[in-house]
Amino acid sequence: MAATSRQAASESQDAPVPVIVAVDGPSGTGKSSTSRAVAVKLGLSYLDTGAQYRAITWWMLKHGVDVRDASAVAAAADRPEIVSGTDPVDPTITVDGADAAGPIRTQEVTDAVSAVSAVPGVRARITELQRAIAAGAPTGIVVEGRDIGTTVLPDADVKIFLTASPEARAARRGGELKAAGGGQGVDLDATREALLKRDAADSGRKTSPLRKADDAVEVDTTELALDQVVECVVTLIEEKRQAG
Ligand SMILES: Nc1ncnc2c1ncn2[C@@H]1O[C@H](COP(=O)(O)OP(=O)(O)O)[C@@H](O)[C@H]1O
Ligand SMILES: Nc1ccn([C@@H]2O[C@H](COP(=O)(O)OP(=O)(O)O)[C@@H](O)[C@H]2O)c(=O)n1
């Protein structure tokens with residue numbers, strides 16, 4: 001629903017106007033952590049669109065679709081049923097009814113996701129899903145990804161674009177990999193190179209590349225603690241709400 005019709009529908013019942021927040025940026029800038037915390041604080045829904053692209057990628061791999069063959073990926077794009085749970089306290093994702101939260105985080109999926117997400121048929125399908133979820137969020141939603149402010153929800157009330165230095169992002173991801181690997185050492189240079197490679201693929205694709213929307217507020221999180229980023233985004237949303 002467009003912002004104006006959402007507003008009219010909601011004002012007619014004296015309910016608060018749902019707020020739509022778009023959070024974009026490259027990998028490891030803090031999109032998921034920030035968006036979840038902001039949604040919890042403000043009582044909004046939360047959608048991790050990267051999880052949806054990971055889910056469709058996982059399905060392709062599981063069903064033997066060659067992820068380097070864009071026509072094969074496009075031909076299968078409508079087949080998986082992807083359902084996202086939007087409670088920020090416990091976000092969920094299922095594919096054909098099965099919990100996919102674990103399998104979508106494997107290295108195999110991470111390595112394949114940029115190729116799958118670059119296929120226009122995949123983006124069209126997932127974008128439609130995202131818009132339907134955002135339109136149905138009762139109090140509003142924080143949607144995080146790469147093209148939310150530019151393509152999925154260009155009329156979002158608040159648009160944030162998070163950045164951070166490659167070194168800070170690699171250190172954050174390295175911390176996660178170390179925890180997942182039971183404390184074993186992580187090659188930070190390799191982690192940084194992998195992040196930059198994925199950024200380049202996501203920024204360089206033809207359809208809906210990773211890009212800051214012209215009207216997005218850019219927040220460099222390199223030197224900020226997560227709490228500070230959350231506070232900054234909450235303030236921007238509250239300012240927007242007060243301005244009406
Ligand atoms: N401002 C920050 N300072 C330090 N660590 C952060 C910050 N924001 C996020 N993190 C940590 O960095 C890692 C990646 O964050 P995440 O939210 O998954 O980023 P993204 O969704 O952009 O890939 C997580 O372990 C998270 O706890
Ligand atoms: N709105 C979005 C979100 C993710 N993606 C794709 O999905 C991949 C995984 O997204 P993610 O948010 O899970 O990535 P990280 O959290 O690992 O950075 C990205 O590298 C993009 O290829 C996208 O194309 N558009």
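Modeller: Ser27 sits in the loop between strand 1 and helix 2; helices (H or I, at least four residues) and strands (E, at least two) are DSSP runs, numbered from the N terminus. This is a predicted model, in which local features need pLDDT of at least 70 and side-chain atom pairs count only at pLDDT 80 or more, while totals for chains, interfaces and linings use all residues. Residues are numbered from 1 along each chain as its sequence is written, and chains are lettered from A and ligands numbered from 1 in the order in which they are written.

Ser27 counts as buried because 21 C-beta neighbours lie inside 10 Å. The cut-offs are 20 or more other C-beta atoms within 10 Å for buried, 12 or fewer for exposed, and partly exposed in between, with C-beta atoms placed from the backbone. Not counting residues up to four places away in sequence, Ser27 touches Arg169, Leu195, Arg198 and Asp199; contact means that the C-beta atoms, placed from the backbone, lie within 7 Å.

Gly25 is found in the loop between strand 1 and helix 2. With 26 C-beta neighbours inside 10 Å, Gly25 counts as buried. Leaving aside residues within four places in sequence, its contacts are Lys31, Phe161, Leu162 and Thr163. The UniProt record, an unreviewed entry, places a "binding site" feature at Gly25, Pro26, Ser27, Gly28, Thr29, Gly30, Lys31, Ser32 and Ser33. UniProt positions are given in the numbering used here, feature names are shortened, and annotations may be inferred rather than shown by experiment.

Ligand 1 has 16 residues around it, the closest being Gly30, Lys31, Ser32, Ser33 and Arg172; a residue is near a molecule if its C-beta atom, placed from the backbone, lies within 6 Å of it. At least two residues of this shell come from each of helix 2, helix 8 (166-180) and helix 10 (226-243). By class, the shell holds four nonpolar, nine polar and three charged residues. Ala, Val, Leu, Ile, Met, Phe, Trp, Tyr, Cys and Pro count as nonpolar, Asp, Glu, Lys and Arg as charged, and the others, Gly among them, as polar.

Five strands form an open sheet in the order 2-6-1-7-8, with parallel pairing; two strands pair if DSSP finds at least two bridges between them. Strand 2 (45-48) and strand 8 (217-220) are at the edges with a single partner strand each, so one side of each has no neighbour in the sheet. Neighbouring strands are turned by 20° against each other on average, direction ignored; axes are lines fitted to C-alpha atoms, for helices over the stretch in contact, and angles run from 0 to 180 degrees between N-to-C directions. Strand 2 and strand 6 (residues 140-145) run parallel and are joined by four bridges, and Leu47 stands opposite Val143 in strand 6. Helix 2 (residues 31-42) packs on this sheet, touching strand 1 (19-24), strand 2, strand 6 and strand 7 (158-163), and its direction makes about 175° with that of strand 6. Helix 6 (residues 120-135) lies across strand 1, strand 2 and strand 6, at about 155° to strand 6.

Lys159 lies in strand 7 and counts as buried, with 24 C-beta neighbours inside 10 Å. Residues up to four places away in sequence aside, Lys159 touches Ala22, Gly149, Ala213, Asp215, Ala216 and Val217.

Key
Two residues are in contact if their C-beta atoms, placed from the backbone, lie within 7 Å.
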